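This report describes selected features of one protein model together with its ligand. The sequence and coordinates are shown first.

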Amino acid sequence: MSSADFDVAILGGGMGGYPAAIRASQLGLRVALVEADKLGGTCLHVGCIPTKALLESSELYHRVAVRGPEFGVNADQVTYDYPKIAARRDAVVSQLYKGVQFLMKKNKIEVVSGSGRLRDRNTVEVGAKQIKAKHLVIATGSTVKSLPGLEFDGEFIISSDNATLATKVPESICIIGAGAVGVEFATLYNELGVKVTVLEALDRMVPLEDEDISKEMANAFKKAGIDCRMGVRVKSAKKARDGVSVETDQGEFWARQLLVAVGRAPRSKDIGLDQVGVATHPNGFIKVDEWMRTSAESIHAIGDVVGGYLLAHAAAHEGMTAMEDIAGQRVAPMEQELVTRCTYSHPQIASVGLTEKQAREKGHEVKVGKFPFSALGRAIIHGETGGFAKLVADGKTGRLLGAHVVGPNATELIAEPALTQLFQGDAWELGRNIHPHPTLSEALMEAALAVDGKAIHI
Ligand code: NAD
């Protein structure tokens with residue numbers, strides 16, 4: 001191909017790359033999208049989508065089989081069929097995958113299949129092919145990682161990719177890490193009756209969340225019968241007695257399988273970063289500014305490969321930001337504090353902005369409003385009264401600084417306080433919003449009113 005066939009070439013077609021390609025096309029840019037595997041990336045094929053499809057089945061089973069009688073539903077003969085659960089998971093993925101492929105055609109995006117490498121600041125090499133573009137965007141994502149000495153074998157010591165794509169569940173599982181992956185899989189297996197043990201190195205579950213959320217999660221998991229051990233140092237693990245024996249500073253744990261969920265590694269090696277002068281942090285994540293610009297002129301990077309929150313929606317938003325910068329149509333820079341964080345465990349967790357501790361550390365005089373689901377009509381109807389909504393506001397101005405929800409549909413509820421924060425709104429404004437009744441969303445309204453001691457139902 002000749003010089004600058006495209007305005008922009010994107011390396012990686014996951015939740016960072018493919019929405020960025022669509023936005024580029026909408027902005028009138030000629031765009032090429034290079035993908036080594038399948039469009040949709042981790043999110044669509046081994047992440048958000050398949051795992052949430054699995055959790056939908058496990059929740060339905062658990063609600064009917066275990067909780068049915070509470071709701072007057074006789075559930076003596078309820079069973080699950082994991083291969084069918086897995087088949088539905090695959091059908092969900094396949095439907096969405098077709099949708100992404102259609103969108104590429106609709107937006108006239110040149111999709112190039114193959115593993116790409118940066119050759120210079122305006123060229124991506126895919127096999128013998130050279131794609132020339134005025135701008136390059138790196139969106140290569142991240143991969144599973146393990147602990148030193150613990151190698152994934154896909155059978156006994158498994159990654160989240162293995163667990164997501166499995167067609168059967170073990171009788172027992174040990175999970176290292178109580179982050180997002182750890183607690184979501186703990187929920188899935190527990191709801192399906194698998195014996196679950198969670199080992200976490202730090203002293204609390206979901207350690208990036210507000211401390212009150214961690215406490216609530218610990219209580220909820222204990223109540224659900226999940227054995228959670230905090231402050232545990234894993235020393236080694238080996239195959240033993242048709243399962244895995246995990247050696248820790250608090251003794252040995254044995255289970256049929258061991259899922260290692262201790263974070264992800266950036267896919268930044270072997271893509272030619274050195275050659276083009278793209279700087280990385282010591283842990284391999286690419287350095288970017290708030291417009292997603294790397295240290296190399298004409299090269300942006302977005303998504304998991306730049307670190308921060310490794311979340312699909314953050315990646316997609318970073319893609320929009322980069323494209324608008326490239327097109328000279330800047331709207332707003334990327335703000336990490338506006339990224340919503342969602343964990344689809346039971347109970348669900350969702351948050352945005354600062355935790356109470358972070359707000360205090362930043363020097364804010366803090367006011368907190370908290371409302372428990374146990375006092376909310378819709379939550380009682382739903383049979384899910386654990387958890388709360390907690391809002392963190394600036395004590396002087398009332399400005400909303402952070403929102404933290406643990407409980408039913410938390411992941412749907414978080415969009416409202418996130419919008420309040422995007423609009424630089426105050427807690428009382430969220431409280432003034434007339435919420436429909438009876439809904440779970442009223443928990444946010446009540447928590448907002450509680451910031452000024454004006455909640456109605458507590
Ligand atoms: P994570 O960083 O969220 O959690 C890893 C956990 O493992 C941490 O709590 C950490 O303290 C613990 N840990 C690390 N080393 C340990 C050790 N030696 N022994 C015991 N515990 C140890 O990572 P994750 O849960 O693997 O998820 C990976 C990424 O994917 C995260 O960035 C996460 O946000 C993202 N993700 C998001 C969702 C979602 O939004 N629903 C779901 C899955 C994954």
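## Basis of the model

This is a predicted model, in which local features need pLDDT of at least 70 and side-chain atom pairs pLDDT 80 or more, while totals for chains, interfaces and linings use all residues. Residues are numbered from 1 along each chain as its sequence is written, and side-chain values use heavy atoms, leaving out hydrogens and water.

## Helix α4

Helices are DSSP runs of H or I with at least four residues, and strands are E runs of at least two, numbered from the N terminus.

Buried residues (under 20% relative accessible area, 1.4 Å probe, protein chains only) of α4 are Y82, I85, A86, R89, V93, V100 and M104. K108, which follows the helix, has a positive phi near 55°.

## Residue T321

T321 belongs to helix α9 (residues 312-326). T321 counts as buried because its relative accessibility is 2%. Beyond neighbours within four places in sequence, T321 is in contact (heavy atoms within 4.5 Å) with E290, W291, M292, A332, P333 and M334.

## Ligand surroundings

A polar backbone atom of V181 is 2.9 Å from a ligand oxygen atom, and one of A201 is 3.1 Å from a ligand nitrogen atom. For C342, a backbone N or O atom lies 2.7 Å from an oxygen atom of the ligand.

Conventions
Buried < 20%, exposed > 50% of the residue type's maximum accessible area, 1.4 Å probe, protein only. Polar contact = N/O pair within 3.5 Å; in protein donor to acceptor, adjacent residues only side chain to side chain.
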